[in-house]
Amino acid sequence: MAMLSFDIRELETRAVQVDGTLNADDPIWEPGDAVPSDTIRVTGRLSPAGADRFYWHGHIAGTAVVPCRRCLTDTPAPVEDEAHLIFAVAGSEDADDPDVYTFGPRDKNLDLRPVVRELWLLNAPAYVLCRDDCKGLCPTCGADLNAGPCGCSPAGDTRWDALRKLDPSPKS
Ligand SMILES: [Zn+2]
Ligand SMILES: [Zn+2]
């Protein structure tokens with residue numbers, strides 16, 4: 001059980017605690033999504049906010065795995081966000097507001113998973129650095145320069161830079 005689904009009739013009478021997880025293998029994810037490395041922790045409070053209207057004040061936290069912008073190594077990156085969201089029944093006045101999430105008039109449960117997915121994708125970075133001093137890939141042969149010089153390019157050789165400084169080549 002995802003535990004991110006809440007009985008709407010119950011919600012109309014009282015606020016509930018949100019404390020669940022969204023797993024990387026949940027069917028809510030679509031191909032190409034930057035899925036979490038394992039699970040996203042989803043917490044907070046879901047409260048009634050008028051007729052057919054609910055308010056979620058909560059928090060999501062997890063770890064995304066994204067490629068290093070220099071060497072492309074898969075790198076864990078923490079992802080967190082606060083949620084202050086209104087849910088309203090489809091067809092209501094509020095439902096036209098693009099900041100309001102909707103549920104169907106015959107829905108028995110309010111499912112937070114689509115919203116958690118959206119918050120996650122908005123906050124997951126596209127690229128990170130695997131470490132601050134990542135040397136990246138050799139532009140010539142593609143070798144990972146973090147593993148040592150590849151031999152085909154002087155780019156990583158500081159002695160070469162020193163020579164260039166002493167004897168700058170003419171501007172073309
Ligand atoms: Zn890197
Ligand atoms: Zn190389």
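**Entry 1. A loop residue to start from**

I began with aspartate 38, which lies in the loop between β2 and β3. I am working on a predicted model. Is aspartate 38 buried or exposed? I counted 12 other C-beta atoms within 10 Å of aspartate 38, and 12 or fewer makes a residue exposed, so aspartate 38 is exposed. I then looked across the loop to asparagine 23. Aspartate 38 and asparagine 23 are 15 residues apart in sequence, yet 6.1 Å separates them in space, C-alpha to C-alpha. Asparagine 23 itself stands opposite threonine 39 in β3.

**Entry 2. The chain as a whole**

I stepped back to list the elements. I found 3 helices and 7 strands in the protein chain. Their order along the sequence is β-α-β-β-β-β-β-β-α-α. The chain has 172 residues, and 17% of them are buried. I also looked up how far apart in sequence the contacting residues are. Of the contacts with a separation of 6 or more, 53% are between residues 24 or more positions apart.

**Entry 3. The sheet**

Which strands make up the open sheet, and in what order? I noted 5 strands, in the order β2-β3-β4-β5-β6, with mixed pairing. β2 (16-23) and β6 (100-103) are the edge strands; each has a single partner, so one side of each has no neighbour in the sheet. Direction ignored, neighbouring strands are turned by 30° against each other on average.

I went through the pairs next. β2 and β3 run antiparallel and are joined by 8 bridges. β3 (residues 39-48) and β4 (residues 53-67) are also antiparallel, over 8 bridges. Between β4 and β5, again antiparallel, I found 15 bridges.

I wrote down some of the facing residues:

- Arginine 41 is opposite alanine 61 in β4.
- Threonine 43 is opposite histidine 59 in β4.
- Glycine 44 has glycine 58 in β4 as its bridge partner.
- Glycine 58 also stands opposite alanine 83 in β5.

**Entry 4**

I looked at the turns for positive phi values. The hairpin of β3 and β4 has 4 residues between the strands, and glycine 50 there takes a positive phi near 100°. Aspartate 52, in the loop between β3 and β4, has a positive phi of about 50° although it is not a glycine. Aspartate 52 has 18 C-beta neighbours inside 10 Å and counts as partly exposed.

The hairpin of β4 and β5 has 6 residues between its strands. Which residue in that turn has a positive phi? I found leucine 72, at about 70°, and leucine 72 is not a glycine. With 14 other C-beta atoms within 10 Å, leucine 72 is partly exposed.

Which residues of α2 are buried? I listed Val115, Val116, Leu119 and Trp120. Seen down the axis of α2, the buried residues fall within an arc of 135°, so they line one face of the helix. This spacing can be read against a general rule: an α-helix has 3.6 residues a turn, so residues three or four places apart point the same way. On the other side of α2, I noted Pro114 and Leu122 as exposed. The cover over the buried residues of α2 includes β2, β3, β4, β5 and β6.

**Entry 4. The core**

Last, I looked up the largest nonpolar core, which has 21 residues. Ile40, Val42, Trp56, Ile60, Leu112, Val116 and Trp120 have the most contacts inside this core. β2, β3, β4, β5 and α2 each give two or more residues to this core. In soluble globular proteins, nonpolar side chains tend to be buried together.

What does tryptophan 120 contact, leaving aside neighbours within four places in sequence? I found Ile40, Ile60 and Val79. Ile40 and Ile60 are themselves among the core residues with the most contacts.

Methods. Residues are numbered from 1 along each chain as its sequence is written. Chains are lettered from A and ligands numbered from 1 in the order in which they are written. This is a predicted model: local features need pLDDT of at least 70, side-chain atom pairs count only at pLDDT 80 or more; totals for chains, interfaces and linings use all residues. Two strands pair if DSSP finds at least two bridges between them. Axes are lines fitted to C-alpha atoms, for helices over the stretch in contact, and angles run from 0 to 180 degrees between N-to-C directions. A nonpolar core is a set of buried Ala, Val, Leu, Ile, Met, Phe, Trp, Tyr and Cys residues joined through C-beta atoms within 7 Å. A residue is buried if 20 or more other C-beta atoms lie within 10 Å of its own, exposed if 12 or fewer, and partly exposed in between; C-beta atoms are placed from the backbone. Two residues are in contact if their C-beta atoms, placed from the backbone, lie within 7 Å. The arc is that of the directions from the helix axis to the C-beta atoms.
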